Every structure is written in C-alpha cells, then in structure tokens.
Amino acid sequence: MAVKEEVIHVYFMPGMAANTSIFEYIKLPEDKYRLHYLDWIIPNDDETLSDYVLRLLENVKHKTPILIGVSFGGIIVQEMSKVIAVRKLVIISSVKTKHELPASMKFAKNTGLYKILPTSLAKHIDKLEQLPVGKTTQKKATLYKRYLSVDDKKYLDWSIAQVVLWNQEKEIPGIIHIHGDKDAVFPIKNIEKCISVKNGTHAMIIYKYRWFNKNLPIILAS
C-alpha cells in the first residue's frame, strides 16, 4: 500500500495595500500543496510590527507552513518566521535586511519625510480612470483599483513607517529571495543574493505568473 504524501500548507502575504487577488494566477501542484491567503488588517494605535504580526498569525492555522510574502508582505513573513517554525521562507520583490533598502527610503528615515507622504491620495486612485489621459494610464488605474484595494490611511501611514524603519541587520538563514531585475521600488543593485527574474518588475507576481508557476514548485521542492 502506497504511503500518502504529506500535504504542505502554503500561506501567501500580499504587498503593501494589495489584496490577495494578486495571487489569483499562481498555481502549485494540488496533490502536494494547499494554498492559503492572508489579508491585511488595520493596525491598532501605536502598534508595533511584532504585535501586528502576532495578530496576523492568528490566521495561520497549520504547523510548519511555507510562508511566501511580496514586498512589505515579505517583511511580514520574515517577522512571522521569528515566532513560528516554518518549512520554507520565500520573499518576492522585497528586502532581507535594512541594508537592501534603497537610498530614497534611507533618506526618508533620516529626515522623517516618510511621516508626511500624502497617503490619503490612495483613496482617490479610481479617479484616474475618469481623467482625459492615455489608455495605458487608464488601464493601470483599473489594475491599481483591482489589486490595490487596501486604502485605509491609518494602515498606509503605519505600513510605510514599518518599511522605512525596519531594523533587520542580518538576513534570516535559509531565506529564499526572488527578485526582478527591473524592480523600481527595491532596485536589484541593492540586493545581496537572490533568484533573479529577467524583466521582472515590482509587480511581477501578477505579470510573470507563468514564470512562478513553472519555477516555484521546483524552488519549494529543493
């Protein structure tokens, strides 16, 4: 009698302001993996990143999961891995330490500029669709509205601060980092070690889903 293979639970954390639909085209072999998706929650007043992560972990129902996070979600899953045991830790379009943050974010930290960013504008992204602009801009606005639906100002202000002020000195052993060579948010020139995706942008989890569907099962099984 054949031994039934263990089902591996995989939890996905989207990027800042993004909803879980960014993973809608990501597929893993159904006989081996069960996919779960974590949604952003609104932070409490003056909530620390570690306390926020503890609240998110209430939605992780399985022991020793694989954690996969995109962008700020990559920072979140790294913090989760400090609390729970994980089978694998994967970040996409993200950073492993504060040293991989771009100069602009380091400048924002040192000057306090991150505190005055107009995050309330996120609530009005849908208005771009009504402006007399080119079809490309309108298409992008439609995509932003679809995928970037978490527009609460309190959440956005808090999230930006957590990224800019993240104080991770050393990378977590065994972490797997997948990064696009055309990432404009976290330029690859600042990234120490990663699996590079040719022509991958910061939003490649959406646009390069075929690459992920082909390569992610291999990466997770290695």
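What share of the contacts in the protein with a separation of 6 or more comes from residues 24 or more positions apart? In this predicted model, such residues account for 65% of those contacts. The protein has 222 residues, and 45% of them are buried. It contains 7 helices and 6 strands. Read from the N terminus, the elements follow the order β-β-α-β-α-β-α-α-α-β-β-α-α.

The strands are described next. An open sheet of 6 strands is ordered E2-E1-E3-E4-E5-E6. The pairing is parallel. Strand E2 and strand E6 (195–197) form the edges. Each has a single partner strand, so one side of each lacks a neighbour in the sheet. Neighbouring strands are turned against each other by 20° on average, direction ignored. Within the sheet, strand E3 (residues 66–70) pairs with strand E4 (residues 88–92) in the parallel sense, over 5 bridges. Ile 66 has Lys 88 of E4 as its bridge partner. Helix H7 (residues 209–221) packs on this sheet. The helix touches E2, E3, E4, E5 and E6. The direction of H7 makes about 160° with that of E5.

Helix-to-helix packing is illustrated by H3 and H5. Two packed helices are described by the angle between their axes and the distance between the axes. The axes of helix H3 (residues 103–111) and helix H5 (residues 153–165) come within 9 Å. They cross at roughly 105°. Angles of 65 to 115 degrees count as roughly perpendicular, and H3 and H5 are therefore roughly perpendicular to each other. On the H3 side, the contact is made by Met 105, Ala 108 and Lys 109. On the H5 side, Val 163, Val 164 and Leu 165 take part. Of the residues in this contact, 5 are nonpolar, none is polar and 1 is charged.

Salt bridges were also examined. The structure holds 9 of them. One of these joins the side chains of Lys 154 and Asp 45, at 2.6 Å from N to O. Lys 154 lies in helix H5, while Asp 45 lies in the loop between strand E2 (33–37) and helix H1 (49–56). The pair therefore ties together parts that are 109 residues apart in sequence. Lys 154 is partly exposed, with a relative accessible area of 37%. Asp 45 is exposed, at 62%.

Another salt bridge links the side chains of Arg 55 and Glu 47, with an N to O distance of 2.8 Å. Arg 55 is partly exposed, its relative accessible area being 25%. Glu 47 is buried, with a value of 9%. Lys 82 and Glu 79 form a further salt bridge, with their closest N and O atoms 2.8 Å apart. Lys 82 counts as partly exposed at 47% relative accessibility. Glu 79 counts as buried at 12%.

The loop between H5 and strand E5 (176–180) contains Lys 170. This lysine is exposed, with a relative accessible area of 68%. Leaving aside residues up to four places away in sequence, Lys 170 touches Lys 96 and Thr 97. Lys 170 and Thr 97 are 73 residues apart in sequence. In space, their C-alpha atoms are 5.9 Å apart.

Backbone geometry was considered last. Most residues other than glycine have a negative phi. Ser 71 is not a glycine, yet its phi is positive, at about 55°. The residue sits in the loop between E3 and helix H2 (72–80). Ser 71 is buried, with a relative accessible area of 10%. Asn 199 is not a glycine either, and has a positive phi of about 60°. Asn 199 belongs to the loop between E6 and helix H6 (204–207). At 42% relative accessibility, Asn 199 counts as partly exposed.

Terms used
Residues are numbered from 1 along each chain as its sequence is written. This is a predicted model: local features need pLDDT of at least 70, side-chain atom pairs count only at pLDDT 80 or more; totals for chains, interfaces and linings use all residues. Side-chain values use heavy atoms; hydrogens and water are left out. Axes are lines fitted to C-alpha atoms, for helices over the stretch in contact, and angles run from 0 to 180 degrees between N-to-C directions. Helices (H or I, at least four residues) and strands (E, at least two) are DSSP runs, numbered from the N terminus. Angles under 35 degrees count as roughly parallel, over 145 as roughly antiparallel, 65 to 115 as roughly perpendicular and the rest as oblique. Contact means heavy atoms within 4.5 Å. Ala, Val, Leu, Ile, Met, Phe, Trp, Tyr, Cys and Pro count as nonpolar, Asp, Glu, Lys and Arg as charged, and the others, Gly among them, as polar. A salt bridge is a side-chain nitrogen of Lys or Arg within 4 Å of a carboxyl oxygen of Asp or Glu. Buried means under 20% relative accessible area, exposed over 50%, partly exposed in between (1.4 Å probe, protein chains only). Two strands pair if DSSP finds at least two bridges between them.
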